[in-house]
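Welcome, and thanks for taking a look at this one with us. Below is a short briefing to read alongside the coordinates, arranged by topic.

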Amino acid sequence: MLCTKVSRENEAGTVPVYLNVYDLTPINGYAYWFGLGAYHSGVQVHGIEYAFGAHEYPSTGIFEGEPKKCEGFTYRKTILIGKTGMEQAEVRAVMEELGGEYRGNAYNLITKNCNHFCNDACVRLTGNPIPSWVNRLARIGFLCKCVIPATLNSTKIRHHRIEDKPCEEEEEEKKKKKKVTSDSNRVISSNSSSSSSLSPSSSTIRRGRSRNRSRRKRALPPSSP
């Protein structure tokens with residue numbers, strides 16, 4: 001289902017910006033018709049969907065994924081917010097900038113959730129906000145505990161965060177260093193074991209030499225008185 005939204009500004013851009021809306025709970029099947037409901041949303045632009053979720057670290061909580069297929073939620077509808085003239089690199093720069101404000105450990109269902117992020121992102125990209133009904137339940141905070149299950153108090157990230165790629169490279173470098181260290185330790189241990197295996201033979205040779213010397217001394221005739 002695709003809805004359209006009239007832009008408040010002249011649409012100088014040609015790239016469409018969509019808002020993909022997902023259901024957080026089956027209650028939305030009834031609450032939607034009363035202008036309520038608990039929703040997750042993501043901003044789709046240049047074929048990538050950007051969303052915001054919670055995690056325990058003070059780094060960006062913005063993640064990207066395949067449009068209309070956010071894991072853990074039920075897709076409901078897509079809304080055309082407007083158009084942007086930004087290229088994909090410029091859009092990514094906007095998301096990285098918003099990541100400083102939307103950190104994973106700053107997620108709050110009432111004051112800083114995925115819909116707040118989508119609204120800010122859409123305003124930055126198109127100049128238009130998202131429809132008010134998408135985040136209406138957050139503004140009626142005293143009803144959240146009654147309508148939203150306790151398990152939905154945080155939207156855990158299940159996709160790759162924007163800053164994950166450099167972290168993966170660092171992890172690969174660490175693994176390589178560990179492998180080199182383990183290999184060097186194996187070489188040292190093998191050298192020590194070989195030296196220890198040689199030590200008994202050298203001691204045997206020394207004992208053999210001492211025995212030969214003692215035999216030679218015993219073979220000498222006794223001196224005359």
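Helix α2 (residues 88-99) has 12 residues, which at 1.5 Å a residue should span 16 Å, and the 16 Å between its end C-alpha atoms agrees; the expected span is 1.5 Å times one less than the number of residues. Helices (H or I, at least four residues) and strands (E, at least two) are DSSP runs, numbered from the N terminus.

Please keep in mind that this is a predicted model, in which local features need pLDDT of at least 70, side-chain atom pairs count only at pLDDT 80 or more, and totals for chains, interfaces and linings use all residues. Residues are numbered from 1 along each chain as its sequence is written, and side-chain values use heavy atoms, with hydrogens and water left out.

**Helix α2**

- Val91, Val94, Met95, Leu98 and Gly99 of α2 are buried, where buried means under 20% relative accessible area, exposed over 50% and partly exposed in between (1.4 Å probe, protein chains only).
- Seen down the axis of α2, the buried residues fall within an arc of 145°, so they line one face of the helix; the arc is that of the directions from the helix axis to the C-beta atoms.
- Ala89 and Glu97 are exposed on the other side of α2.
- The cover over the buried residues of α2 includes β3, β4, β5 and α3 (114-126), with contact meaning heavy atoms within 4.5 Å.

**Strand β4 and its partners**

- β3 (39-45) and β4 (48-52) are antiparallel and pair over three bridges; two strands pair if DSSP finds at least two bridges between them.
- Val43 has Tyr50 in β4 as its bridge partner.
- β4 is also joined to strand β5 (residues 62-65) by four bridges, again in the antiparallel sense, and Phe52 has Ile62 in β5 as its bridge partner.
- In a regular strand the side chains alternate between the two faces of the sheet.
- Both faces of β4 are covered, with Ile48, Tyr50 and Phe52 buried on one side and Glu49 and Ala51 buried on the other.

- His46 is partly exposed, with a relative accessible area of 27%.
- Leaving aside neighbours within four places in sequence, His46 is in contact with Val15, Met86, Glu87, Gln88 and Val91.
- The C-alpha atoms of His46 and Val91 are 8.7 Å apart in space, although the two residues are 45 apart in sequence.
- The side chain of His46 reaches the backbone nitrogen of Gln88 at 3.5 Å.

**The chain as a whole**

- The protein chain has six helices and six strands, and from the N terminus on its elements run β-β-α-β-β-β-β-α-α-α-α-α.
- Of the 225 residues in the protein chain, 36% are buried.
- Among contacts between residues at least 6 apart in sequence, 73% join residues at least 24 apart.

Technical notes
A polar contact is a pair of N or O atoms within 3.5 Å; within protein, one must be able to donate a hydrogen and the other to accept it, and residues adjacent in sequence count only if both atoms are side-chain atoms.
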